[in-house]
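I set out to record what I looked up in one protein chain. My entries follow the order of my reading.

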Amino acid sequence: LYLNEISDSGKQELHALSQEQDGVKVLASITEGSNISAYWTLILKNVMGNAANRDQEHMANHLTLFQNELKFSRRQTRNLWKKIRLLRVERRIEKQLRNVQQEK
């Protein structure tokens with residue numbers, strides 16, 4: 001699993017490119033535009049499953065990236081149900097982040 005931080009404007013540009021026929025292909029993402037990805041649980045399980053092999057600071061950085069992604073997507077939608085779902089996932093990530101920070 002490779003995680004890379006992308007700016008908010010970069011995410012918007014990649015999302016626009018992905019709509020084109022020869023656009024960018026993203027293998028997995030926590031969010032898809034203003035929607036939560038169908039793969040978010042698999043991504044989180046993979047990251048947390050590898051927690052023993054990584055230092056706690058590295059894990060905290062990954063989880064913080066996820067938090068930022070969710071917050072960005074939540075700001076992008078006006079749909080209340082999407083906001084609630086994104087917030088629910090964000091709280092789960094926050095719980096994992098607290099657990100990792102307590103282990104430091």
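The entries below go from the whole chain to single residues.

Entry 1, basis. I worked with a predicted model, in which local features need pLDDT of at least 70, side-chain atom pairs count only at pLDDT 80 or more, and totals for chains, interfaces and linings use all residues. Residues are numbered from 1 along each chain as its sequence is written, and side-chain values use heavy atoms, with hydrogens and water left out.

Entry 2, overall fold. I found 4 helices and 2 strands in the protein chain, in the order α-β-β-α-α-α along the sequence. Helices (H or I, at least four residues) and strands (E, at least two) are DSSP runs, numbered from the N terminus.

Buried means under 20% relative accessible area, exposed over 50%, and partly exposed in between (1.4 Å probe, protein chains only).

I located leucine 63 in helix H3 (residues 56–76). Leucine 63 counts as buried because its relative accessibility is 0%. Leaving aside residues up to four places away in sequence, I listed its contacts (heavy atoms within 4.5 Å) as Leu44, Met48, Ile93, Gln96, Leu97 and Val100. The C-alpha atoms of leucine 63 and glutamine 96 are 7.7 Å from each other, although 33 residues separate the two along the chain.

I placed lysine 45 in helix H2 (residues 40–49). Lysine 45 counts as exposed because its relative accessible area is 57%.
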